[in-house]
Amino acid sequence: MKIKALSRSTTEYTRETKSDIQLLPRNIDPELHPLERAREYKRALNAAKLERMFAKPFLASLSGHIDGIYAMAKNPWDLDSVVTGSGDGELRMWSLSSQETIWRAPEAHRGIVKGVCNIPGGETDRFLSVGTDKLAKVWSRSESSVASDGVTPETVATYTGKHAFSGIDHHRSRPLFATSSSLVEIWDVDRSEPITNLTWGADTINTVKMNQTEVNVLATCGTDRSIILYDLRTNSPLAKLVMTLSTNAISWNPMEAFMFATANEDHNVYTFDMRRMDHAVNVLRDHVSAVMDVDYSPTGLELVSGSYDRSVRLWDVNKGHSRDIYHAKRMQRVFCVKYTLDNNYVLSGSDDSNLRLWRARASQRMGAKSNRERGAIEYAEKLKDRFAYVPEVRKVLQHRNVPKGIKKASRTKQDMLQSRKRKEENERKHDKSGKARVPERKKAILGVTNK
């Protein structure tokens, strides 16, 4: 006769302190839990409803500018500060934690501020700005240059160009910065004249962006619908990509040096691999008007874009549709957006002169969390991922309250796209030459030229 004795250690069911939760034995045999899947489905549905219920992305609106905000720069060495430039030539530095202005230059430029960027190195409180007055200025936020009311602080240095500037970006490590106007100019901070001029056919360059990983490569986009890559080592162009409509902004992926995203006039955001530019890696299409700015998250896995349709959208770089849309009743056309470097917040500057601060994840809980709370959040996320294909859960997760104008324009755009697709299919069906379908990732590209 065999006898099985039950034995267990006291450590398996005894609490270490009174504040610990009770440890209960649980048998995970699926035969003893026939309704486990039904329970998890109900928990997933409740988790999805709670996520949408607590989705409050808007945090603050920072007012102070008189004109619209058209330029913005984040500081890689200071997560709390951001610099903005407005249409009346004013520069402001904001503290995101206190939500107030900590530095101000009322008459920094005569005309619109077209670009700002921070200067790397030991003196991380310095930054550059350019405007349509053909001036590039270096500013410092040190105590000696804090402006009193109505007084513009002294500049550290001033560089004079021959054309109105449209953008600026600084090299990651070397004392060089690039400006865009009718051509791309490379400046040394110790010289008053540009050391190199780069051009390849464009009448006006909309913006210039230096690669912060592959530091010798920079990208520009022009009014001739081109995107041009340059190499600083040879001071020559690498490749030229021509699209159907012009590009408004470029952003390099901080984790993958060869990937970049572009904001286009055709309402789409395109991601490209600079090694193969004959097709887009992905096409992100949800906006209903021109995309004015785009920026990568620090992880390189997400994008934020601001559009002329008065909305901010967040994207997964591997998916074609936005995961969230942010809008406000008083927010006008969005001209600049940035992802903060802690990956938790999004900044947007719009035509209504306000800088807005949003959560990167609308329902994310801020502050310290206990281990038990963190485990419950992770369990809810896993459940939502597991049951995301179920129609009831998917409907709740994808529901968004969209402004009436955007919804109406989206329906009209969808009808137009379907009509165009139907026409192309009919033409292909009745074409005796056997014309092949053009992939969506190649439709917007007219040609690529490599040097």
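This is a predicted model: local features need pLDDT of at least 70, side-chain atom pairs count only at pLDDT 80 or more; totals for chains, interfaces and linings use all residues.
Residues count from 1 along each chain as its sequence is written. Local features need pLDDT of at least 70, side-chain atom pairs count only at pLDDT 80 or more, totals for chains, interfaces and linings use all residues, and side-chain values use heavy atoms, without hydrogens and water.

**Exercise 1. Work out the strand order of the open sheet and find its edge strands.**

Step 1. Take strands as DSSP runs of E, at least two residues, numbered from the N terminus.
Step 2. Pair two strands if DSSP finds at least two bridges between them.
Step 3. The order is 2-3-4-5, with antiparallel pairing.
Step 4. Strand 2 (69-75) and strand 5 (100-105) each pair on one side only, which makes them the edges.
Step 5. Look at strand 2: 6 bridges join it to strand 3 (residues 78-86). N75 stands opposite D78 of strand 3.

**Exercise 2. Decide whether M53 is buried or exposed.**

Step 1. Locate M53: it is found in helix 1 (residues 36-53). Helices are DSSP runs of H or I, at least four residues.
Step 2. Apply the cut-offs: buried is under 20% relative accessible area, exposed over 50%, partly exposed in between (1.4 Å probe, protein chains only).
Step 3. M53 has 53% relative accessibility, so M53 counts as exposed.
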